[in-house]
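Visitor: Hello! I am new here and would like a friendly tour. Could you show me the sequence and the structure?

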Amino acid sequence: MPAPAKKTARMKVRCYVMDLILKNPGKEVVIPSYNVLGPLLGVAKSSAALELQDLKKAGYIIPRVGVGTVSNPRSSYGPPDTPIVGIVVGDGKHAHQRYREVMLISSIKLELTKQGMVVRDVPLYTYDEKSQLDELRWTNCDAVVWIEPHMRMNSVIQKLNRLMPVLTVMHFVPEVSGVVYDHVELGVRIGEALLRNHIARPVQIAAEMTDNPLWRGICRAYRSSGIELEDELYFGGPDAYEKLRSALRAGIRPDALLLRIADNEKIQALYDEFELTGKCLPVSAMYKPKSLKAPMLLVRQPFETFAGRVADLMQHRIANPDSEIEQEVVPFAVLEESRL
């Protein structure tokens, strides 16, 4: 077996510097000068200087005024020109996520990376606008995807958009590019799925008190088939589950129940109490709760398609930062329908 090749003087310098970069991903680390590296690694100072010069040309290390030479924070993620996209959720302090948020965020991250971008989560630790903007400016990101931004963050997002490309998801911010999906169209598709399954009187429980676009879409689908759904079939607000229970006690008998994620684990108790299994089909656009024994209709939202459009637009914004603002509503043309 041949003996391993010895490292050349310049290779020793390159390995030392690259090891510093890889051990400190996304950070600026001070790189020793050639005067220090030469004696430290037992190589000529001229060899160390030449290798540092090559690493600068390749973009792995950069000069920093008042500091010297530092590692390029983005070089640990691949080629130095790889776009880094920051992911901000809500107000930047959104630490807890339910199934829907996890599916949406992970799908967007996956599609961004498929298109050669690198993603990193960007939490915000401050509360005033100036400090938040400073935090975002120094994240070493080329662009930001802001998912379900809170309205109070609009000013920060608009100012950040003047410094780097920003794309909002699920909510539009004036003067900033964004992508949302058409909730009404999604409701129409779900309504069509219910009709295919011979559901005549569905009810929905939802977080919104009124003007739920999903329910409006379902009503539209039924109206197109000559069926008018009564207002009493919609239960909204934080106490929607209890409202539905009261209605069931009063004698309302739907033949399908569109679940709200927050109430999923309570549903089996409802089915047991009112003997709904086999009479009222549970329907979800997310998943089947483990606690639910009754057969279920799952009408899954294809987040991958929506996330792919987010990635397309983000890539376009990075390549063309001065392009016109685009605010796009993405329809859901196809749903994955299954019985569980």
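Guide: Welcome! Helices (H or I, at least four residues) and strands (E, at least two) are DSSP runs, numbered from the N terminus. Axes are lines fitted to C-alpha atoms, for helices over the stretch in contact, with angles from 0 to 180 degrees between N-to-C directions. This is a predicted model, where local features need pLDDT of at least 70 and side-chain atom pairs pLDDT 80 or more, while totals for chains, interfaces and linings use all residues. Residues are numbered from 1 along each chain as its sequence is written, and side-chain values use heavy atoms, leaving out hydrogens and water.

Visitor: How are helix 2 and helix 3 oriented to each other?

Guide: The axes of helix 2 (residues 34–41) and helix 3 (residues 45–58) come within 8 Å and cross at roughly 120°. Angles under 35 degrees count as roughly parallel, over 145 as roughly antiparallel, 65 to 115 as roughly perpendicular and the rest as oblique. Helix 2 and helix 3 are therefore oblique.

Visitor: Which residues of helix 3 make the contact?

Guide: Contact means heavy atoms within 4.5 Å. Helix 2 brings Y34, N35, L37, G38 and P39, and helix 3 answers with K45, A48, A49 and L52.

Visitor: Is L214 buried or exposed?

Guide: L214 lies in helix 8 (residues 213–224). Leaving aside neighbours within four places in sequence, its contacts are H183, L186, G187, I190 and Q204. Its relative accessible area is 18%, so L214 is buried.

Visitor: Is E148 buried or exposed?

Guide: E148 lies in the loop between strand 6 (143–147) and helix 6 (154–161). Phi of E148 is near 45°, a positive value in a residue other than glycine. Most residues other than glycine have a negative phi. The relative accessibility of E148 is 17%, so this residue counts as buried.

Visitor: And H198, buried or exposed?

Guide: H198 sits in the loop between helix 7 (183–196) and strand 9 (202–206). Its phi is also positive, near 60°. At 71% relative accessibility, H198 counts as exposed.

Methods. Buried means under 20% relative accessible area, exposed over 50%, partly exposed in between (1.4 Å probe, protein chains only).
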